[in-house]
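Here are my comments on the model you sent. Please read them with the coordinates open.

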Amino acid sequence: SASKGEVSLLDYGAGNVRSVRNAMQKLGYTVKDIKSPEDILAAKKLVFPGVGAYGSAMDILRERKLIEPLREYVLDGTKPFMGVCLGLQLLFDGSEESGGVEGLGLIPGTVTKFTGDDLIVPHIGWNVNEVKRESYLIYLQKDDPSSASVSERVYFVHSYRALPNENNKDWVLSTCDYGSEPFISAVQKGNVMATQFHPEKSGFTGLKIFDQFLSGGKSEMETSSALPSSASSDAVRKGLAKRVIACLDVRSNDAGDLVVTKGDSYDVREKSEGESGDVRNLGKPVELAKKYFDMGADEVSFLNITGYRDTPLKDAPMIDVLKLSSETVFVPLTVGGGIRDFTDSNGKHYSSLEVASAYFASGADKVSIGSDAVEVAEKFYANNEQGDGTSSIETISNRYGSQAVVISIDPRRKYETDPKNTKNKCIETKRKLGPNGEKYCWFQCTIKGGREGRDIGAYELAIAMEKLGAGEILLNCIDEDGQGNGFDHELVKMVADAVKIPVIASSGAGHPRHFSEVFGAVPACSAALAAGIFHRDEVTVKECKEDMAKSGLPTRL
Ligand code: 1PR
């Protein structure tokens, strides 16, 4: 079909901008890259997705002499401008991020870090906007002028935010409630618009916001399910939703094809006559990712489960899986497996930062680090609870932001007759006693997909990772993996109560009610992930969410 016209994209190379590009292309626009200061002033429509840290973004814009043309374009105001995330924050006077930095100075106010008692930061996930004034943007419109209306949920991921005040109130289009006070979630004045949330990660709702803005309010996309049904209770419709994540464990099978597989307690081979058989094949990664997006999954994760031994950059299939998936999946994508330093067979060294960068450039929003995190945590404790600045966690989070760094923990229950027998945090278990009736247990971290146990617990690892700059914990459990008996609430509670970053419960989902149960038992748990039940078509994402809504949990339906 004919192009709807040209959109210029300002990609300064600091993170996943591929998804924004893919969204424009999917909407029928031709994307032109900004290469020089002149390109900005020549643009007909300009999209500015900000990624990474505030200070380094300003540094790059300054080096490339883009600050003045950007200011001029926005101040002129005759052509459409759309900023996303940091692309909104940079419009303000400045930010306290990166030790206090000046911004573009186009909107009054300073961007500050979230505050609030026991608040989980980063603010990651699907939240609602409260719309402050009329807008032609149907997903951000005030349908009931007498009271503020709540829009459909959209995807946020950030630790800093701008607050509404007297001086910027004519800019504020919507706010979102999180932390001690509502923050600015969208601004608009004439042709200039910016969102703190990510339209390119907000499913069809987000695509429609882009489309409406870029076409001046004339989106041709289906708009029937515009606003959330007010039939569900406020508890379900409002606030940060508990996320449901679909996970794809990916590896090559014996024929060399990349397949989605699934283990029982991490054993992914079919059982045949006492011998281990073929690698279980549950489908193709790109197709399944699209299927889960269409089913309403809030995020999709790929774990390259042989990443500990394969060299990930040579392992081009994972890069291709991401590139292809990000063309059809408009929710966040995480990739894990093999995020660490390595030297290839030709003796060339790659840093974990380079490995992660290749994944971000291919469409990943977050990378997940497993084995390497355990070794980094051991060094952290040996070094007086300090990092040395060189680890994968520190380098990737410094460059791309903490929200881009997920720690995948693969713990296994270790039973003790006496908690004093281990230096690691031990609980008295009610879930399941040990093989000899032991009452106490801790959760031992493993590396290399559970093949090697280390003398550090999931609790200790999570605390170390938060201190080093990780933004989220993906908490697996080898004992429960593939068992279908529900999540290990004792483990999830122990870790979720220990850190202020979001924790994703994983391993053991066998029924829709298991999601409601873990969120009910552990209010600090932000998300829950499942693999087997979705791959085997036993349970749909929708069934999980309906059960959550019935239990009064904030849910993106
Ligand atoms: O150590 O940084 O290279 O990362 C390797 C990654 O691969 C880690 O995130 C590790 O969790 C994962 N991994 C390694 N071996 C396996 C395996 O299964 N043999 N899979 C593996 C981990 C666990 C979950 C699973 C849930 C839910 N899979 O992701 O999806 O347990 O399953 P369920 O709902 O069916 O119970 P590195």
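Predicted model: local features only at pLDDT ≥ 70, side-chain atom pairs only at ≥ 80, totals over all residues.

1. Domain 1 puts 24 residues into the contact, and domain 2 puts in 26. On the domain 1 side, four elements give at least two residues each: α1 (18-26), β8 (123-127), β11 (154-158) and α6 (203-214). Helix α1 has the largest share, with four residues. By class, this side of domain 1 holds 10 nonpolar, 11 polar and three charged residues.

2. Annotated residue. The UniProt entry, which is unreviewed, lists C85 under "binding site". C85 sits in strand β4 (residues 81-85). Is C85 buried or exposed? C85 counts as buried because 27 other C-beta atoms lie within 10 Å, and the cut-off for buried is 20 or more.

3. Surroundings of C85. Set aside the neighbours within four places in sequence. C85 then contacts P49, G50 and V51, along with H158, Q196 and H198. Check these contacts first if you look at the annotated position.

4. Helix α10. This helix spans residues 352-361. Which of its residues are buried? They are S352, V355, A356, S357, Y359 and F360. Just after α10 comes G363, with a positive phi of about 120 degrees.

Terms used
Residues numbered from 1 in each chain as written. Buried ≥ 20, exposed ≤ 12 C-beta atoms within 10 Å, placed from the backbone. UniProt positions renumbered as here; feature names shortened; annotations may be inferred. Contact = placed C-beta atoms within 7 Å. Nonpolar A, V, L, I, M, F, W, Y, C, P; charged D, E, K, R; others polar.
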